[in-house]
Amino acid sequence: MNHVFELEGVDYQLWLSRCQQGYQLHLGDEVLALLTFSHQGDGRGLLTIAGASEPVRFAIDGDTVHLRIRGRTRILRYRDPLSAHGLVNKDAGHLVARAPMPGVVVKTWVLPGDQISEGSELMVIESMKLESVIRSPQDGVVDQIHFKEGESFEHGAVLVTITEEGH
Amino acid sequence: MRKLPFDTVLIANRGEIAVRIIKTLRELELRSAVVYHDLDAGAPAVSMADMAIAVSGRTPVAAYLDAAQILAAAREASVGAIHPGYGFLAENAEFARAVVESGFAFVGPTPESIDLMGDKIRARNFVQRNGFPVVPSAIEEDDPASFIQRARSIGGPLLVKASAGGGGKGMRIVRDLDSLQDAIAQARGEAQRYFGDGRLYIERYIEKPRHIEVQVLGDCFGNVVHLFERECSVQRRFQKVIEEAPASTLPPGLRERICETAADIARAANYRNAGTVEFIVRGGEFYFLEMNTRLQVEHPVTEMITGVDIVAEQLYVAGGHELRFSQQNIVSTGHAIEARVYAEAPERGFAPTTGKVLVLDYPSGPGFRIDSGVSQGQQITTAFDSLLAKVIVHSSTRNEAALTAERAMQELVLLGCETNASFLARVLADEQFLRGQVHTGYLDENPQLTAGDSASDLSTFLAAAALLTRPVRDSADAVPELHASLGGWRNA
């Protein structure tokens, strides 16, 4: 069966099969063989692809695999096929404005109950020295502001909930 | 060891700089106290300090800006001196004054010096009055009616800046003087929005300048020395990324003139303790930019080439001692490079990154120095500056230092939170960087260094991830080899 890993916002479908004393990786049209991974303890291992070995440093945190290979670090998320995934941007007549990156709320321009139109400035957020404005994706009424000025939030956090007009 | 009038020092800071100051306090057999916000409870500075006192605030940053709580902590810990580090309250004259009035020694310049040199326009006017070179400029406040006319007479290109500004906000480059009026209106709007202060000034825009700064040290007996220059031209959005000492390819005569000018400016200002005089350099010309009245992030490169522990000197000066060396005693040896490891993803517009530090392994070896503010298990948040650590290397030549620093970036392992280490490695290996042809626009002109190669080694990473993920391996193990070999076309 196909498994999905997400890396920097892109999904990669792949599957493994047994092959001799190891595995082969099926990645689109590409097949990588012969693969083995020997654990050396303490988050260290040796990945061998067709006889060539690479030292690997790794850490596994739930569904997330952190890897360091050839001086480069990547974070890959395993998408469990059984769990529902994907961000819901619209539910029960509510629209949500999500944080495009982690940061701090600098200023909020609106209050719950305010009528807003598409493109209205809702909030100014700051991530490091970069300020950006969160704007309303459409006309509506502000339902809830989820973070106060000065509060920090993570990537993907719901910042503002908006009710569509008439709801 | 010379006697100091205090035996305990409070560090009003956090992160790597708090750790760095504690190290010197230990060497001088002084006790250390730190203040910390709850989010930093697991940080190395808190466990290393002899005493740690919690402070709180409306935001985590506000806690470290709360002078009243910091002074209360200083009394609680019975300290004799307060070191402000950099950032936070380090250049706040009111705080320095309150520290002194509360009976503590302030490990930094006098409040008067901070007032004079910490304010951009005041410092610039002072420096110009004393006959040192500044970029030709027009200051609105001097005579608002003639502002535009005075700006025009400087000649283009021009840079419009907010008087109250910083961090690139309210700044406009004007190449065509006909658009000057529009640029002023835009900059004023931005300055008003960001700083609540629409005052502007305009200066000649220096194209592709180098950012060269000079470390100075003064005591309360009127002695001032410089500890040579640092090159800090590799910047992005006015944020320094890689610093080095000495500045490569500066002609020797120019190097000496810049260093001596910096010491003369500090002398004219009757400056004491550690400070940095920043210049912009273009061709054979150099101009005073600003003075930082504090210890700087990049001070370790100067320590590496001179062997001077700047924090120790700061403490001795604050304790009333005379400088223990004169200019002739300070010698520069070899080349040092510092790379700043940030929790950010250059490949995604330098977006800040967060996460728990799962694995942390710093490179080590002769000539290596790591100033780190994080430890394994610590949660990295966006509540504070994203600087995680500084990796500093010292070698006999610049090329060797660059090579060693690049290797350090390859060897550094920090898993759990993305960092800019690969980006730093790319810059350190870049041809133009290695030739020393850097200026403040270098990173903008070389976007490939920021972007990286997102596709490289992709299948290797996916293979490792697949082999390390139980369900992926299990489903392979569950299928006999013969069926698996049919899988390719069965799935198609």
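In this predicted model, helix 13 (residues 398-411) of chain B packs with helix 14 (residues 421-428) of chain B at an angle of about 160 degrees, and their axes lie 8 Å apart. Since angles over 145 degrees count as roughly antiparallel, helix 13 of chain B and helix 14 of chain B are therefore roughly antiparallel to each other. The crossing of these two helices of chain B is left-handed. On the side of helix 13 of chain B, the residues that meet the partner helix are B:Ala402, B:Ala405, B:Glu406, B:Met409 and B:Gln410. Helix 14 of chain B brings B:Ala421, B:Leu424, B:Ala425 and B:Leu428 to this meeting. Sorted by class, the contact between the two helices has seven nonpolar residues, one polar residue and one charged residue.

Confidence in chain B can be looked at next. The pLDDT of chain B averages 93, and 96% of the residues score at least 70. Residues 486-492 of chain B are a stretch where the pLDDT is below 50. In the model, that stretch has two contacts beyond near neighbours in sequence.

Attention now turns to where the chains meet. In the complex, 50 residues of chain A are in contact with 43 residues of chain B. Strand 6 (residues 52-61) of chain A supplies seven residues, the largest share of the side of chain A that touches chain B. That side of chain A divides into 28 nonpolar, 11 polar and 11 charged residues. For the complex, the predictor gives an ipTM of 0.84 and a pTM of 0.84.

Definitions and conventions:
Residues numbered from 1 in each chain as written. Chains lettered and ligands numbered in written order. Predicted model: local features only at pLDDT ≥ 70, side-chain atom pairs only at ≥ 80, totals over all residues. Contact = placed C-beta atoms within 7 Å. Helix = DSSP H or I, 4+ residues; strand = E, 2+ residues; numbered from the N terminus. Nonpolar A, V, L, I, M, F, W, Y, C, P; charged D, E, K, R; others polar. Axes fitted to C-alpha atoms, helices over the stretch in contact; angles between N-to-C directions. Parallel < 35°, antiparallel > 145°, perpendicular 65-115°, else oblique. Left-handed = near helix turned anticlockwise from the far one by under 90°. pLDDT = per-residue confidence, 0-100.
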